[in-house]
Amino acid sequence: MTTPAATANHGKGGRIRPRAFAPLWLLALALPGFAHGEVSKIGRTFPIAEADALSEIEGKVAAQPASMASRFGPMRQWQALRSAPLAPATINRTRFSVPFHTLEEDIRLPDGKLLYAKGYTFNPLSYVTLAQRLIIVAPRDLDWAFARAKQSDFILLAAGGPKDGDAITLSRKKARALFILEPRVKERLGLTFAPVIVRQVGQRLQLDEYHLPPRRAGS
């Protein structure tokens with residue numbers, strides 16, 4: 001069986017002269033329903049067994065209480081928001097620290113070649129720059145920090161007293177992002193006292209510790 005494209009007449013000299021025909025796509029356009037994007041079923045079809053994902057999510061959300069806060073207690077008691085403690089500074093002093101880092105595993109290239117061996121120790125400040133200062137204070141000294149902080153500085157909260165607010169509540173109250181002081185950051189920076197302002201000087205960290213006089217009752 002031949003198609004219009006393959007049918008031909010033999011003319012003089014054995015030359016093949018194609019018949020005039022309409023392209024197949026043009027013929028397809030003339031088929032009923034083609035222009036309307038109609039489709040046909042070929043073979044057996046089955047209904048979708050899985051529930052609609054969006055409907056399932058909406059159902060789970062609707063089954064939850066309006067507020068989950070009561071299940072977790074006050075935010076200041078959340079383990080995820082607990083900061084590392086720092087002792088109050090007793091004198092004003094400046095000291096320096098180098099945040100050396102030691103690799104805990106081998107670093108290899110994609111082909112398996114060893115690049116840096118486990119135990120290799122280096123100073124990250126030899127390769128990167130700490131563009132902003134870090135101001136680390138207890139919650140009671142936040143006003144002191146705000147009076148000295150630039151817009152680009154990061155304010156980290158050390159552990160406070162039982163009545164001090166948590167980082168999220170204080171951040172909303174002060175309308176500025178506040179961060180918790182994680183134990184590993186405390187260890188890496190060599191922090192012992194607060195308040196302290198940390199900045200990079202060359203390939204070292206400069207730690208300026210400040211002694212604040214005790215706050216009088218009612219102040």
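A nonpolar surface patch of about 650 Å² is formed by Ile107, Leu109, Leu115, Tyr116, Tyr120, Tyr127 and Val128. Patches consist of residues with over 30% relative accessible area and no salt bridge, like charges being joined within 9 Å and nonpolar side chains (Val, Leu, Ile, Met, Phe, Trp, Tyr) within 5 Å; a salt bridge is a side-chain nitrogen of Lys or Arg within 4 Å of a carboxyl oxygen of Asp or Glu, and accessible areas come from the Shrake-Rupley method with a 1.4 Å probe, only the protein chains shown counting as cover for residues.

The model is predicted, so local features need pLDDT of at least 70 and side-chain atom pairs count only at pLDDT 80 or more, while totals for chains, interfaces and linings use all residues. Residues are numbered from 1 along each chain as its sequence is written, and side-chain values use heavy atoms, with hydrogens and water left out.

The table uses these classes: buried is under 20% relative accessible area, exposed over 50%, and partly exposed in between (1.4 Å probe, protein chains only).

| Residue | Relative accessible area and class |
|---|---|
| Ile107 | 33%, partly exposed |
| Asp141 | 10%, buried |
| Ala175 | 71%, exposed |

Ile107 belongs to strand 6 (residues 107–108); helices (H or I, at least four residues) and strands (E, at least two) are DSSP runs, numbered from the N terminus. Ala175, in the loop between helix 5 (167–174) and strand 11 (179–180), has a positive phi near 55°.

Leaving aside neighbours within four places in sequence, Asp141 is in contact (heavy atoms within 4.5 Å) with Pro195 and Leu212. The peptide bond from Ala194 to Pro195 is cis, with omega near 0°.
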